[in-house]
Amino acid sequence: MSNILSAGRPAPDFSVHVTPDQKLSLSELRGKPVILAFYPADWSPVCGDQMALYNEILPEFQKLGAVLVGVSVDGVWCHEAFAKDRHLQFPLAADFEPKGEIAKAYGAYRTVEGVCERALFVIDREGVIAWSYLSPVAINPGADGILEALENLPK
Amino acid sequence: MSKLSIEVNADDHIQGNSTAECSLVEYGDYECPHCGTAYPIVKRVQKHFGKRLSFVFRNFPLTQIHPWAEPAAEVAEFAGVHGKFWEMHDLLFENQENLGETLFLNLADKLDLSTAQLQTAKASQTYRSRVRADFSGGARSGVNGTPTFFINGRRHNGPFDFDSLSEAIELALR
């Protein structure tokens, strides 16, 4: 398993496509807590996969002022189709070219399979990692850790 | 290790012996086909363990992908207030393919519940806060899809076929 960046480290900045014609930079989100959810691939074959689950819990994240960004190595068109199919209300970042660059910066890349780990980061308003968690890749970690980390952030 | 953030309490729908050595809690969605698959399995597990097991069902409707999940949960809660939660829970799963307003009214009628009261409750969203509270508690407990089971308060990460679930319960009973 990977060695992901731990709490206290500055969150590496990135600028990445979230739609075919739109980019998102982490630094743009400064001032708000950010949840980065790395996951292996779009289209997991279960209802209530990790992204669909976070989509449901999104209002709870928003109540805590947080912004959620999903990250996988899938391309923008794949993300777009996936987001549309699952009615996702939050951006999916395409860590596609150079492949896995963001995941590597966070220590959350699986070199053998060429996909992201299932890894979670809560970044505070100043851009510092407040909490991180690496889940076994086959286990959807749920959202309890994220909610707890957000609730523990200084107001 | 994810744990139940809200312990089993008097507000829960509990089936079986409430002081049983082992408690099984399911967070489920009436429209989720996997919960539909789990429904008869849970019944078998309950029968197998008898008095040693209690079973609690809490709502975790995935509303973005299952449009009837939340209304169905409210119908079950309505029935619950009239002492017929489990009857309605079972009927909803048994008729999972046909969820919708017509079915809800038919099932209420079948259980001798007032369809007028049901319609009022649904229109005024009387049971919505209860369903949302279940969901929120589930999110804080590490529910990671539906169904998610907790055995003695700890999230069961394995599959939910009869053998896997019973084995996990046996372990908790040891």
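Trainee: Is the crossing of α1(B) and α7(B) left-handed or right-handed?

Mentor: The crossing of α1(B) and α7(B) is right-handed, a crossing being called so if the near helix is turned clockwise from the far one by less than a right angle, and left-handed if anticlockwise. This is a predicted model, in which local features need pLDDT of at least 70 and side-chain atom pairs count only at pLDDT 80 or more, whereas totals for chains, interfaces and linings use all residues. Residues are numbered from 1 along each chain as its sequence is written, and chains are lettered from A and ligands numbered from 1 in the order in which they are written. Helices (H or I, at least four residues) and strands (E, at least two) are DSSP runs, numbered from the N terminus.

Trainee: Why is α1(B) called oblique to α7(B)?

Mentor: The axes of α1 (residues 33-49) and α7 (residues 162-173) of chain B come within 10 Å and cross at roughly 40°, where axes are lines fitted to C-alpha atoms, for helices over the stretch in contact, and angles run from 0 to 180 degrees between N-to-C directions. Angles under 35 degrees count as roughly parallel, over 145 as roughly antiparallel, 65 to 115 as roughly perpendicular and the rest as oblique, and therefore α1(B) is oblique to α7(B).

Trainee: Which residues of α1(B) and α7(B) meet?

Mentor: Ile41(B), Arg44(B), Val45(B), His48(B) and Phe49(B) in α1(B) meet Phe162(B), Leu165(B), Ser166(B) and Ile169(B) in α7(B), contact requiring that C-beta atoms, placed from the backbone, lie within 7 Å. These residues divide into six nonpolar, two polar and one charged, with Ala, Val, Leu, Ile, Met, Phe, Trp, Tyr, Cys and Pro counted as nonpolar, Asp, Glu, Lys and Arg as charged, and the others, Gly among them, as polar.

Trainee: What makes His87(A) exposed?

Mentor: His87(A), in the loop between α2 (76-85) and β5 of chain A, has 12 other C-beta atoms within 10 Å and is therefore exposed, since a residue is buried at 20 or more such atoms, exposed at 12 or fewer and partly exposed in between, with C-beta atoms placed from the backbone. His87(A) also has a positive phi of about 55° although it is not a glycine.

Trainee: Why does Gln125(B) count as partly exposed?

Mentor: Gln125(B) has 13 C-beta neighbours inside 10 Å, and so counts as partly exposed; this residue, in the loop between α5 (115-123) and α6 of chain B, has a positive phi near 50°.

Trainee: Which residues does a cis peptide bond join in chain A?

Mentor: Glu97(A) and Pro98(A) are joined by a cis peptide bond, with omega about -10°.

Note on methods:
Two residues are in contact if their C-beta atoms, placed from the backbone, lie within 7 Å.
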